[in-house]
Amino acid sequence: MRLPTPRADRSEDRAQVVAWVREHLGHLSSDEVRASPVRGGQTAADTALATLDLTGYAARRSNVLPESSRGASRLSPYIRHGLLTLPAVWDAAGSAPSRDRDKFRDELLWQEYSRHVYARVGAANGAPLRFEAPVPAPGSAPPAPPVSPEDPWPRQMACMDATTTELRENGWLVNQTRMWLASQWAVRAGADWRRGEDEMFRNLLDGSRAANRLGWQWAIGTGTGRVYGFSRWQVEKRAPQLCAGCALREACPVQDWPEAQSGPKVDGPDTLGGGQVDEGQTDGGPEHPVLTGEPEAVWLTAESLGDADPALSAHPDLPAVFVLDEPLLRSLRLSGKRLVFLTEALADIGEARPLEVHLGDPVTELAGRPLATTWAYVPGFKRRSAQLDVVALHPWPWLRRPGSGSLRSFSAWAGRPSRPRPARKSGGRRR
């Protein structure tokens with residue numbers, strides 16, 4: 001089904017785009033459709049990049065409260081949907097102070113690494129990569145109430161109340177609080193980490209099965225064998241006012257270090273690689289455009305909705321077409337904020353060139369049309385593109401093109417020494 005093309009809405013309340021989403025996609029949303037404070041679209045992405053100031057980033061990126069003290073860039077939603085490519089953001093950081101530049105680029109490398117892993121193992125990254133879920137240490141007591149698998153993020157805890165509210169209202173979190181939520185859910189409460197990752201994915205504007213899942217696996221130890229020990233110490237360091245005003249401040253359920261350790265080793269998805277680094281045999285898609293015919297439209301995917309999309313750039317005179325995958329969206333039940341953000345990206349494309357927006361199964365909606373598109377690292381693209389008439393396949397804009405080597409360790413992949421594990425502190429943390 002073809003939908004009317006959404007119009008860009010530069011108003012403060014963005015009522016027009018919210019109304020479009022409510023009318024056409026409201027039945028697919030998990031909550032009330034409303035706009036996040038983070039505006040979507042290429043115009044907003046370009047503004048965010050042009051005003052990027054990384055001064056102090058290394059020292060302040062993990063700050064939580066007050067919000068004015070945060071150093072995080074908030075570029076991740078634009079990076080997630082290809083409104084900003086990793087190479088472009090990498091270059092934009094070049095003039096920052098060296099310590100801040102290097103730390104920021106390290107985070108960009110983590111994003112790239114997560115995409116490499118996802119391109120190689122696909123949905124199998126939802127299984128433990130190296131270790132089973134964390135387990136209580138021998139002889140330790142079970143988590144004290146109100147921490148339980150039935151209530152993994154108890155609102156009685158001020159840190160959980162503030163963080164989950166920000167997640168569900170704004171659709172964005174600093175990295176520090178993402179780790180709090182993951183550790184609280186799986187390490188403290190012992191709940192199924194996949195359900196927690198689903199909840200975060202549903203709400204985060206930058207929700208990605210690549211970065212989101214890998215982040216959870218890092219925090220809870222299934223990817224590294226080292227459990228991130230969320231405790232009161234982190235909250236008092238990053239957001240002390242939360243503890244000061246918490247109803248449980250005299251009986252804090254995360255007062256001390258969690259008595260948990262990583263589970264036993266498992267034979268997880270194959271991240272070791274070892275294949276030939278030849279065209280078509282790596283995890284990175286084609287290195288050069290593959291042209292087998294004349295396309296009549298450019299098929300866009302949610303991974304690449306920016307002006308710099310290689311297929312859009314190579315075919316400036318063709319209309320663009322995007323299919324809102326109704327069967328997938330029905331199963332994902334994304335928050336309305338995510339759907340608004342996505343629609344704002346589409347609206348900006350529609351201002352620049354003819355755009356068709358469809359709702360349905362992409363294979364059905366695009367059947368019989370010769371298409372140009374940009375290769376994407378997600379398994380859904382590989383499955384659907386194989387059933388469509390893609391006559392012009394363009395390379396993904398990698399920051400570091402995948403090869404055939406091991407992806408077992410981020411540190412080894414990034415080419416730097418791994419960080420030693422800090423000494424354990426009372427009420428402190430461990431990585």
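# Exercises on a predicted model

The second largest pocket has a volume of about 780 Å³. The structure is a predicted model, in which local features need pLDDT of at least 70 and side-chain atom pairs count only at pLDDT 80 or more, while totals for chains, interfaces and linings use all residues. Residues are numbered from 1 along each chain as its sequence is written, and side-chain values use heavy atoms, with hydrogens and water left out.

## Exercise 1. The pocket

Task: Identify which residues lie nearest the centre of the second largest pocket, and describe its lining.

Solution. 

Step 1. On a 1 Å grid over the protein atoms alone, a pocket is an open set of points where a 1.4 Å probe fits, with protein on both sides within 12 Å along at least five of seven lines; lining residues have an atom within 4 Å of a point. Grid points are joined across faces, edges and corners, and the volume is the space filled by probe spheres set on them.

Step 2. The lining comprises 34 residues, and Arg80, Ala302, Glu303, Leu328 and Leu332 lie nearest the centre.

Step 3. At least two lining residues come from each of strand S5 (297-300), strand S6 (320-325), helix H14 (326-332), H15 and helix H17 (379-385). Helices (H or I, at least four residues) and strands (E, at least two) are DSSP runs, numbered from the N terminus. H17 gives the largest share, 5 residues.

Step 4. Sorted by class, the lining contains 22 nonpolar, 4 polar and 8 charged residues. Here Ala, Val, Leu, Ile, Met, Phe, Trp, Tyr, Cys and Pro count as nonpolar, Asp, Glu, Lys and Arg as charged, and the others, Gly among them, as polar.

## Exercise 2. The nonpolar cores

Task: Determine which members of the largest nonpolar core touch the most other members.

Solution. 

Step 1. A nonpolar core is a set of buried Ala, Val, Leu, Ile, Met, Phe, Trp, Tyr and Cys residues joined through side-chain atoms within 4.5 Å. Buried means under 20% relative accessible area, exposed over 50%, and partly exposed in between (1.4 Å probe, protein chains only).

Step 2. The largest core has 51 residues, of which Tyr78, Leu305 and Leu324 touch the most other members. Helix H15 (residues 336-352) contributes the largest share of this core, 7 residues.

Step 3. Apart from this core lies another, of 48 residues, including Leu129, Leu167, Val187 and Val227.

Step 4. Beyond four places in sequence, the residues that Tyr78 touches (heavy atoms within 4.5 Å) include Val38, Arg39, Leu83, Leu84 and Phe341.

## Exercise 3. Salt bridges

Solution. 

Step 1. A salt bridge is a side-chain nitrogen of Lys or Arg within 4 Å of a carboxyl oxygen of Asp or Glu. The whole structure holds 26 of them.

Step 2. In the pair of Lys337 and Asp31, the closest N and O atoms are 3.6 Å apart. Lys337 counts as buried because its relative accessibility is 1%, whereas Asp31, at 26%, counts as partly exposed.

Step 3. Arg34 and Glu169 form a salt bridge with closest N and O atoms 3.4 Å apart. Arg34 lies in the loop between H1 and H2 and Glu169 in helix H7 (residues 158-170), 135 residues apart. Glu169 is partly exposed, at 42% relative accessibility.

Step 4. Glu197 and Arg213 meet in a salt bridge of 3.5 Å, N to O. Glu197 lies in helix H9 (residues 193-203) and Arg213 in helix H10 (residues 211-220), so the pair ties together parts 16 residues apart in sequence. Both Glu197 and Arg213 are buried.

## Exercise 4. Backbone features

Solution. 

Step 1. Pro66 is placed in the loop between helix H3 (57-60) and helix H4 (76-80).

Step 2. Arg74 is found in the loop between H3 and H4. Its phi is positive, about 60°, although Arg74 is not a glycine.

Step 3. Arg14 has a positive phi near 55° and sits in the loop between strand S1 (2-3) and H1.

Step 4. Arg14 is buried, at 5% relative accessible area, whereas Arg74 is partly exposed, at 39%.
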